[in-house]
Amino acid sequence: MKEKSSGKIRAMQMAAKYLKLTGGFPIRNIYGGVGQILMFHRVIPENNRERIWSNSYLEVTTGYFEKVIQYYKKHNFEFLSLDELASKGFSLKKKFVAFTFDDGFKDNFYHALPLMRKYDVPFSLYLTTDFPDHKSILWWNTVEDVILKNHKLSFEWFGAPMQFHCSSPDEKNETFGAIHSLIQEGTQLTIRERALMFCQIFGVDPYGSIKELALSWDEVRQLSKDNLVAIGAHSVSHPVLSQLSDEDSFNEISQSKLRIEKEIGMKVSHFSYPFGGKKEASPREYEFARKCNFETAVTTVSASVMKSHQTKLLQLPRIAVGMSMQEDTFDLLRFGVIQMMRSNGTVSF
Ligand SMILES: [Zn+2]
């Protein structure tokens with residue numbers, strides 16, 4: 001969320017104060033919904049490691065994560081698993097919150113799980129099966145590492161000479177954005193091939209990062225046995241499903257479910273669409289999720305869960321949580337102010 005410099009945020013903070021005084025009626029009742037599903041990726045210990053800030057949006061620290069749990073405890077939310085959400089989430093007196101993690105990072109096991117146990121919080125972990133299979137290329141981490149280690153980068157990219165200065169944090173951040181675009185938005189070859197090309201230029205193992213950061217199948221099995229955890233599916237290779245053929249899109253969804261079920265020996269009932277926006281997961285994908293017998297599926301459409309979602313369990317909205325969100329932001333979410341501003345186009349994040 002781009003919250004740092006916006007005057008809109010100050011306006012929203014004032015709105016939150018007003019809403020606290022008035023109890024938030026009627027916005028809270030309309031946009032606050034029956035509950036919220038929160039989305040996380042990584043939970044990492046506090047550290048002083050040098051970072052490129054625009055590459056750290058998928059991470060929260062353990063201290064921050066614990067504060068998020070405490071916030072929802074303090075405000076008397078019911079903590080639900082996705083199973084419970086489907087069965088009783090729409091008839092509760094209290095609002096609910098459901099915690100979810102995407103992709104399958106090792107730190108979910110070592111740093112999030114202990115906190116979930118401490119506070120008795122159930123959660124879903126949506127696994128991309130290429131993570132424990134070590135087939136994903138986390139190229140954005142490789143780009144970050146290369147930039148952090150160098151003051152200047154010179155290389156050839158499809159025959160064109162490229163040169164970037166990256167001495168200061170600002171320069172490093174700018175260079176990261178530029179190289180990220182070269183790989184993500186290039187038109188020659190596929191993203192994967194462009195990522196491999198970058199790794200080859202700088203002599204980096206393209207799979208080094210995934211080996212270090214992804215859960216192993218053994219860790220996934222251990223997690224699946226924990227009463228607080230539901231392992232869900234998140235595709236095989238994390239593609240943009242809507243860009244695939246019918247057959248490929250269906251296979252990405254169904255094969256990830258079957259593979260995880262085989263590995264953990266349990267039914268997998270919950271799915272998370274990769275990237276998960278309206279452009280990346282279309283009604284065709286909702287239908288595929290239904291055909292695969294998923295009970296629920298989550299998007300990244302940022303909104304509260306409304307009563308009306310009871311009949312749309314395969315397109316549940318989720319709120320992405322990042323370190324820039326402080327208590328004020330959570331107040332605004334609780335009162336439905338951010339959701340209201342998003343729905344009427346006042347803010348675009
Ligand atoms: Zn993902």
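**Figure 1. Right-handed crossing of helices α3 and α5 in the predicted model.** In this predicted model, α3 passes α5 in a right-handed crossing. The two helices comprise residues 62-74 (α3) and residues 107-119 (α5), and their axes come within 10 Å of each other while crossing at roughly 30°. Angles under 35 degrees count as roughly parallel, and α3 and α5 are therefore roughly parallel to each other. On the α3 side, the contact is formed by T62, F65, E66, I69 and K73; on the α5 side, by H111, A112, L115 and Y119. The residues of this contact divide into 5 nonpolar, 2 polar and 2 charged.

**Figure 2. Left-handed crossing of helices α6 and α8.** The axes of α6 and of helix α8 (residues 191-201) come within 10 Å and cross at roughly 30°. That angle makes α6 roughly parallel to α8. The crossing of this pair is left-handed, whereas that of α3 and α5 is right-handed. W139, T142 and V143 of α6 meet A195, F198 and C199 of α8. By class, the contact residues comprise 5 nonpolar, 1 polar and no charged.

Figure 3. W139 lies in helix α6, which spans residues 139-149. A residue is buried if 20 or more other C-beta atoms lie within 10 Å of its own; W139 has 23 such atoms and is therefore buried. Leaving aside residues up to four places away in sequence, W139 touches I183, A195 and F198. Of these partners, A195 and F198 belong to α8 and take part in the contact with α6. The view also includes I210, which is 71 residues from W139 in sequence, with a C-alpha to C-alpha distance of 9.5 Å.

**Figure 4. Positive phi at F158, between two strands.** F158 is located in the loop between β7 (152-157) and β8 (160-165). Its phi is near 50°, a positive value in a residue other than glycine. Is F158 buried or exposed? A residue with 12 or fewer C-beta neighbours inside 10 Å is exposed; F158 has 12 and so counts as exposed.

**Figure 5. Positive phi at S235, between a strand and a helix.** S235 is found in the loop that connects β9 (229-233) with α11 (246-264). Although S235 is not a glycine, its phi is positive, at about 80°. With 27 C-beta neighbours inside 10 Å, S235 counts as buried, whereas F158 counts as exposed.

Figure 6. The secondary structure of the protein chain comprises 14 helices and 12 strands. The chain has 349 residues, of which 39% count as buried. Among contacts with a separation of 6 or more, 71% join residues 24 or more positions apart. The mean pLDDT of the chain is 90, and 90% of its residues reach 70 or more. Over residues 1-5, however, the pLDDT is below 50, and this stretch has 9 contacts in the model beyond near neighbours in sequence. Where pLDDT is low, the predicted coordinates should not be read in detail.

Note on methods
Residues are numbered from 1 along each chain as its sequence is written. This is a predicted model: local features need pLDDT of at least 70, side-chain atom pairs count only at pLDDT 80 or more; totals for chains, interfaces and linings use all residues. Axes are lines fitted to C-alpha atoms, for helices over the stretch in contact, and angles run from 0 to 180 degrees between N-to-C directions. Helices (H or I, at least four residues) and strands (E, at least two) are DSSP runs, numbered from the N terminus. Angles under 35 degrees count as roughly parallel, over 145 as roughly antiparallel, 65 to 115 as roughly perpendicular and the rest as oblique. A crossing is left-handed if the near helix is turned anticlockwise from the far one by less than a right angle, and right-handed if clockwise. Two residues are in contact if their C-beta atoms, placed from the backbone, lie within 7 Å. Ala, Val, Leu, Ile, Met, Phe, Trp, Tyr, Cys and Pro count as nonpolar, Asp, Glu, Lys and Arg as charged, and the others, Gly among them, as polar. pLDDT is the predictor's confidence in each residue, from 0 to 100.
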